[in-house]
Amino acid sequence: MKSLRIFDWSKISYVARGMLVGVLAGVIISLFRLSVEILLDTVIEIYQFLNENPIWIIGWVALMMLFAFIIALLIKHEPDIRGSGIQDIEGQLHGSLKLNWSSIIWRKFIGGTLAIGSGLALGREGPSIQLGGAVGQGVNHFLKGNRSQENILISAGASAGLSAAFNAPVSGIMFILEEVHHKFSGVLLLTAFSASITANFVAYQIFGVEAALNLGSMLQFPLEHYGHLVLMGIVLALGGWLYKEVLLVMPKLYSMLPIPPYLYGFVPFLLVVPVGLYFPNMLGGGTGVINMINGRSTTLWFLIGVFVFRFIFSQVSYGSGLPGGIFIPVLSLGALIGAIYGNGALWVTGIEDIFLRSFIIYAMGGFLTSVTKAPMTSVMLITEMTGTVTHLMPLAVVCLVSYVVTDFVGSGPIYEDLLYRKVNRKPRVFEGEVAEIEIHVEVDSNLDGMMARQLTLPFGARIIKIRRHDNEFMPHQDTVFFAGDELIITTDKGFVAEVRKRLNKLN
């Protein structure tokens, strides 16, 4: 008699949990996305009304100040809703931050809607990812899962958040593996895949299956002009480095103001009023800018002026700490660089005008790569957002060049830098609570081939277990680490960031 096939119920349970997270995250993020779009469309119509009836401008300024005040109260009571939230998700998964999921969900939803919907240069992807992660944490709380299961569901929720924000399920999965975890895990992939696909299905029911950016048809980029892609990749890498440097110095500039940090949002809310009155096309995260330069003939000086304006507007908006992301603003800046470079290339070499759109799309991916140092995510996101694969090879070339040059100049991923600055400002004290750190030994790293006795860990941290293939064992001093090993290390929760920083240097 044939033996019955034994199902791996543990994996099936992760699929079910991932789908549950995907449904909940898909509903919440779709409502968030819908709220932002409705408010932004309404704001644009109001600015058209104000240009015809300027007497109402004072009342509108008062309303903008009310929005800023509401967000200030939300930030004061929950500081972890500041910014995009992606760095907070990474810190939570690495054990250096502890987030209150129930507080974040409703405060981030309201704060993000008001900030992004009011026309500031902020994106919806960061809040969507943090909202998704909070949903995953909440599901684990109600299912009474352990710490390992919580990390998996938080990751799945974050993946679902990006998927629902852009109708980009593959990008959501890739982002978690490449940007957050920097590793491949079967259970993690399975759960994130289930959540991402489910959330995307929910988003389809509300927004349809249209691509997030409809930039029109494209021809295959000529092979003889690939040299331009390399040069543009270099330009994008240097531009991304400048963007990150300015972004990291903005908190210092804001700290010069004689007001507490949670009130910094009043500055961009004051500045957005004249922007809306005189430059309504500049409102929002940047999709309007991308469509504007894609659908009309513009001069080089106009493009340069728009780039400088959007660069400053983006920095002022995000640097204030308002709830909002940088993906869409970064993509719009990349599109502007691509348009500037493309116009120059058309003028110098005589490339056909039809390929200007190609430069715009490739530059979006290259600039995002230079800021996040996640080239595979950038390639997949642009592909899914534009709904075409004809540009896959040249887009990959631009992203690869941008990544290599960014790495050469020593520029790190923006979210790691933001997380380090946030965690590093906190006092390092013993909290009296043990935390576990998991790290996979990479091939040819300093850990690969090292003996346990040679590994010096700070602050009383120690290795308690090693997972090798399907086995687990306790190491001794002569144990040799091999590539693929998963080291489980314990330390006090107050020193997780320092221990992980030490391990990352070795790995």
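**Terms put to the test**

Tutor: Start with two helices: H5 passes H6 in a right-handed crossing. Keep in mind that this is a predicted model.

Student: What angle do the axes of H5 and H6 make, and how close do they come?

Tutor: The axes of helix H5 (residues 125–143) and helix H6 (residues 147–166) cross at roughly 145 degrees. They come within 6 Å.

Student: Which residues of H5 and H6 meet?

Tutor: On the H5 side, the list includes Gly132, Gly133 and Gly136. On the H6 side, Gly157, Ala158 and Gly161 are among them.

Student: Where does lysine 144 lie?

Tutor: Lysine 144 is in the loop between H5 and H6.

Student: What makes the phi of lysine 144 worth a remark?

Tutor: Most residues other than glycine have a negative phi. Lysine 144 is not a glycine, yet its phi is positive, about 55 degrees.

Student: Which phi value does lysine 373 have?

Tutor: Lysine 373 also has a positive phi of about 55 degrees, and it is not a glycine. Its place is the loop between helix H14 (356–372) and helix H15 (375–386).

Student: Is lysine 373 buried or exposed?

Tutor: Buried means under 20%. Lysine 373 has a relative accessible area of 14%, so it is buried.

Student: Next term. How many salt bridges does a search of the whole structure find?

Tutor: The search finds 7.

Student: How do you know that arginine 33 and glutamate 37 form a salt bridge?

Tutor: The cut-off is 4 Å between a side-chain nitrogen of Lys or Arg and a carboxyl oxygen of Asp or Glu. For arginine 33 and glutamate 37, the N to O distance is 3.6 Å. The pair passes the test.

Student: What separates arginine 33 and glutamate 37 along helix H1?

Tutor: They are 4 residues apart in helix H1 (residues 9–52), so about one helical turn separates them.

Student: Why do arginine 33 and glutamate 37 get their accessibility labels?

Tutor: Arginine 33 has 6% relative accessibility, so it counts as buried. Glutamate 37 has 30%, so it is partly exposed.

Student: What makes arginine 453 and aspartate 478 a salt bridge?

Tutor: Their N to O distance is 2.0 Å. That is within the 4 Å limit.

Student: Why does the pair of arginine 453 and aspartate 478 tie parts together?

Tutor: Arginine 453 lies in the loop between strand S1 (434–440) and strand S2 (462–468). Aspartate 478 lies in the loop between strand S3 (471–473) and strand S4 (486–492). The joined parts are therefore 25 residues apart in sequence. Aspartate 478, at 41% relative accessibility, counts as partly exposed.

Student: How do you know that glutamate 486 and arginine 467 form a salt bridge?

Tutor: Their closest N and O atoms are 3.2 Å apart. Again, that is within 4 Å. Glutamate 486 is in strand S4 and arginine 467 in strand S2, 19 residues apart, and the pair links distant parts of the chain.

Student: What makes a network there?

Tutor: Shared partners. Salt bridges join Lys465, Arg467, Glu472 and Glu486 into one network.

Student: Why is threonine 490 called buried?

Tutor: Threonine 490 has a relative accessible area of 13%, so it is buried. It sits in strand S4. Leaving aside neighbours within four places in sequence, its contacts include Val434, Ala435 and Ile464.

Student: Last term. Which residues make the nonpolar surface patch?

Tutor: Val230, Leu231, Ile234, Leu238, Trp241, Leu242, Phe408 and Val409 make a patch of about 750 Å². Helix H9 (residues 226–255) gives the most, with 6 residues.

Technical notes. Residues numbered from 1 in each chain as written. Predicted model: local features only at pLDDT ≥ 70, side-chain atom pairs only at ≥ 80, totals over all residues. Heavy atoms only, no water. Patch = residues over 30% accessible without salt bridge, like charges linked within 9 Å, V, L, I, M, F, W, Y side chains within 5 Å. Areas by Shrake-Rupley, 256 points an atom, 1.4 Å probe, with all protein chains shown as cover. Buried < 20%, exposed > 50% of the residue type's maximum accessible area, 1.4 Å probe, protein only. Axes fitted to C-alpha atoms, helices over the stretch in contact; angles between N-to-C directions. Left-handed = near helix turned anticlockwise from the far one by under 90°. Contact = heavy atoms within 4.5 Å.
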